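These are some notes for a colleague who is opening this structure for the first time. Please keep the sequence and the 3D view at hand while reading the numbered points.

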Amino acid sequence: MIDSLLEQYKRAGDGDDIWAQTVGLQNFPGQVHDRIMTAASRGVTFRYLVTLDHPALPEFLALFKNIASASVAGLRDNRLRLQGLSRREVVIAFPTLTTYTAIKFTDAVFVGLVRDWFDHRWAAAAKKAPLSMSKSLAQGENIAEP
């Protein structure tokens, strides 16, 4: 899955947006973060739906604090792992016993359906639980409060 995400960040250009629903909030430091920073410098925007009660949330938010084009909102019913590149493709990961199987979809109709579903969830979460990446998060702070 990580390779698919790295490729999306590499191909994304000015005017593109990366939209994702992440559950584990891990695997973002290192090479993934470097590619995100490079994509941001090319004018890519980012929207992430995250799990509100995940213990790694403060570290995840810190990774994006210097990216003005990144927005994060939270949900409590985040179970599906996916990441899309504009309306061109979406990668959906399915957990197995020991790893994930990621499938990349490029069919415009299917990508549009998933993107519309994501946009609906995003709008609700961004209104109810937008998360700030600019403030310092103290241990145990309730980050779900706007």
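This is a predicted model: local features need pLDDT of at least 70, side-chain atom pairs count only at pLDDT 80 or more; totals for chains, interfaces and linings use all residues.

1. The crossing in which α1 passes α2 is left-handed.

2. The residues behind this helix pair can be picked out by name. On the α1 side the contact is made by I2, L6, E7, Y9 and K10, and on the α2 side by Q31, V32, R35, I36 and A39. Sorted by class, the contact of α1 with α2 has six nonpolar residues, three charged residues and one polar residue.

3. For the overall layout, the secondary structure of the chain comes to four helices and seven strands, which follow the pattern α-β-α-β-α-β-β-β-β-α-β when read along the sequence. Buried residues make up 45% of the 146 residues in the chain. Of the contacts in the chain with a separation of 6 or more, 71% are accounted for by residues 24 or more positions apart.

4. Where do the nonpolar residues gather? In soluble globular proteins, nonpolar side chains tend to be buried together. In this model the largest nonpolar core has 26 residues, and those with the most contacts inside it are Y9, I18, I36, F46, Y48, V50 and F60. The elements that give two or more residues to this core are the helices α1, α2 and α3 (57-63) and the strands β1 (17-21), β2 (45-51) and β3 (70-75). A second, separate core of 12 residues includes L49, A73, L75 and V90.

5. V50 is placed in strand β2 and is buried, with a relative accessible area of 0%. Not counting residues up to four places away in sequence, V50 touches T22, L25, L57, F60, V72, A73, G74, L75, N78 and L131. From C-alpha to C-alpha, V50 and A20 are 8.6 Å apart in space, while they are 30 residues apart in sequence.

6. V91 is found in strand β5 (89-95), and this residue is buried, with a relative accessible area of 1%. Leaving aside its neighbours within four places in sequence, V91 is in contact with M1, S4 and Q8, with R81, L82 and Q83, and with A102, I103 and K104. The C-alpha atoms of V91 and F105 are separated by 6.2 Å, although the two residues are 14 residues apart along the chain.

7. Two loop residues may be checked next. Most residues other than glycine have a negative phi. The phi of S86, however, is near 45°, a positive value in a residue other than glycine. S86 lies in the loop between β4 (81-85) and β5, and at 10% relative accessibility S86 counts as buried. T99, in the loop between β5 and β6 (100-105), counts as partly exposed at 45% relative accessibility. The C-alpha atoms of T99 and M1 are separated by 9.6 Å, and these residues are 98 residues apart along the chain.

Terms used: Residues are numbered from 1 along each chain as its sequence is written. Side-chain values use heavy atoms; hydrogens and water are left out. A crossing is left-handed if the near helix is turned anticlockwise from the far one by less than a right angle, and right-handed if clockwise. Contact means heavy atoms within 4.5 Å. Ala, Val, Leu, Ile, Met, Phe, Trp, Tyr, Cys and Pro count as nonpolar, Asp, Glu, Lys and Arg as charged, and the others, Gly among them, as polar. A nonpolar core is a set of buried Ala, Val, Leu, Ile, Met, Phe, Trp, Tyr and Cys residues joined through side-chain atoms within 4.5 Å. Buried means under 20% relative accessible area, exposed over 50%, partly exposed in between (1.4 Å probe, protein chains only).
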